[in-house]
Amino acid sequence: MSVVLQGARANAPGDAPAAGLAARKADFPILARSVRGRRLVYLDNAATTQKPEAVIEAEARYYRESNANIHRGVHWLSQHSTDLYEESRERVRALLNAARSEEIVFTRGTTEAINLVAYSWARTNLKAGDEILITTMEHHSNIVPWQLVCAQTGAVLRVAPIGDEGALDLDAFDALLGPRTRLVAVAHVSNALGTVNPVARLVQRAHAVGAVVLVDGAQAVAHTAVDVQAIGCDFYAFSGHKLYGPTGIGALYGRHELLQAMPPWQGGGDMIRTVSFEASTWADAPQRFEAGTPNIAGVVALGAAIDYLRSVGIDRIAAHEHELLAYGTRALEAIPGLRLIGTAAGKAGILSFTIDGIHPHDLGTILDTEGVAIRAGHHCTMPLMKRFGIPGTARASLALYNDESDVDALAAAIRRAQDLFEGK
Ligand code: PLP
């Protein structure tokens, strides 16, 4: 993915200049291991990315040197741990170019961030007849929470269609917007197709009818510079584990006025101002939405992942993945019987495909015997698969450490799988 993305901003000063990323494989210890006696070719990055030594070490170092509970302690270690936690919040703010760090709420990941908005904002603000607009290409995480909201409030879910190449039908999207539209929830990048949505444009149209906009950035943040102010969205959700960080940590960006007006969605320690048996009052955002002891080590390691990303240079990563996507597209298109699903003009590093006569699961299993890790199935996008009339796809997804040798290994393994099926 590269410059085609809306809401992109230039690298921050200090980011490295453009150059090859070949040496970066060595930053990821797991990539040196073999699987089933073969070199590991890891192409399942949309599911989760591998972790560089800097991130692994940051989490271990936190437990070795800094572990204490945050916010409530008077002792030095607690204050130190709190500082590390809040410094990571600042790193997330900078990553998304949010206006202030109070706009960043730590969550378990994208799914929890979307559910936070569904439980807190949507259940308070929506009533029967209001409309939530999503798109056909959404991940289940950006469908099911809204269905739950609709069941509770009587709001109605509307779905903007996509064309055969996997691009959002912008005219249809515009036509579905109206005075009843209260919320638009849309992926920045589709995990199953790689389609990059023109989110700034969508936000503009949605705001024109007074709707609030949530962008699901799970597949965007590791692949392009994201600027929530340029996009203009009200909420932006992402997961740390898709960004070379640990599992179990992510964040929600929310515009400050919105977060401040939203009620808590989970109660407990750290999210209150005062508690009595008669009534309790809430802390300001973001603490209001971070009840209980959070994943402190995960937050600290997420900060290290962001540092790592910036040290490589997000624009370099975007350019590298863009080139590799073009290379991979050519390599796969040359394979007879292979059909690429998702060929929109603006695309991120995702190669989703079907092969005549081979079920995606069988293909994934055969590729695994060769050390090639891809994903096969519906990718948590069952309605999207239905749209294409297929049960699922095989999906190879790229990261900064992938190179042409990985794509070559993929293509060669697919051809061998075809030979196997043809009894050659
Ligand atoms: N949204 C998209 C587009 C995704 O690709 C994913 C995960 O694959 C999610 C949401 C959910 O992310 P998580 O499972 O980290 O909460």
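Me: What does pLDDT tell me, and what is the average here?
Reply: pLDDT is the predictor's confidence in each residue, from 0 to 100. The protein averages 94. At least 70 is reached by 95% of the residues. Elements here are DSSP runs, numbered from the N terminus: helices (H or I) have at least four residues, strands (E) at least two. Among the elements, β1 has the lowest mean pLDDT, 93. Strand β8 (residues 212-216) has the highest, 99.

Me: Where is the pLDDT below 50?
Reply: Over residues 1-19. Where pLDDT is low, the predicted coordinates should not be read in detail. In the model, residues 1-19 have 55 contacts beyond near neighbours in sequence. Contact means heavy atoms within 4.5 Å.

Me: How many salt bridges does the whole structure hold?
Reply: First the idea. Side chains of opposite charge can pair when their charged atoms come close. A salt bridge is a side-chain nitrogen of Lys or Arg within 4 Å of a carboxyl oxygen of Asp or Glu. The search finds 27.

Me: Which parts of the chain do Asp403 and Lys25 link?
Reply: Their side chains form a salt bridge, N to O 3.4 Å. Asp403 sits in the loop between β17 (393-397) and α13 (404-421). Lys25 sits in the segment before β1 (34-35).

Me: Is Asp44 buried or exposed, and what does it pair with?
Reply: Buried means under 20% relative accessible area, exposed over 50%, partly exposed in between (1.4 Å probe, protein chains only). Asp44 has 7%, so it counts as buried. Its salt-bridge partner is Arg375, at 2.9 Å, N to O. Arg375 lies in strand β16 (residues 375-377), and Asp44 in the loop between β3 (41-42) and α1 (53-66). They are 331 residues apart. Arg375 is partly exposed, at 39%.

Me: How far apart are the closest N and O atoms of Arg108 and Glu112?
Reply: They are 3.2 Å apart, in a salt bridge. Arg108 is exposed, at 55%. Glu112 is buried, at 16%. Salt bridges can also share partners: Lys25, Arg39, Asp403 and Asp406 are joined into one network this way.

Me: How many disulfides are there?
Reply: A disulfide is a pair of cysteine sulfur atoms within 2.5 Å. The search finds 0. Take Cys150: its closest cysteine sulfur, in Cys380, is 20 Å away, so that is too far for a bond. Cys150 is buried, at 12%.

Me: Which residues is Asn142 in contact with?
Reply: Leaving aside neighbours within four places in sequence, they include Ile114, Ala185, Leu214 and Asp216. Asn142 lies in the loop between β5 (131-135) and α4 (144-153). Its relative accessibility is 0%, so it counts as buried.

Me: How is the protein divided into domains?
Reply: Domain bounds come from an automatic or database domain assignment. Domain 1 is 22-43 + 313-421, and domain 2 is 55-310. Their C-alpha centres lie 28 Å apart. Across the two, 34 residues of domain 1 are in contact with 30 residues of domain 2.

Definitions and conventions. Residues numbered from 1 in each chain as written. Predicted model: local features only at pLDDT ≥ 70, side-chain atom pairs only at ≥ 80, totals over all residues. Heavy atoms only, no water.
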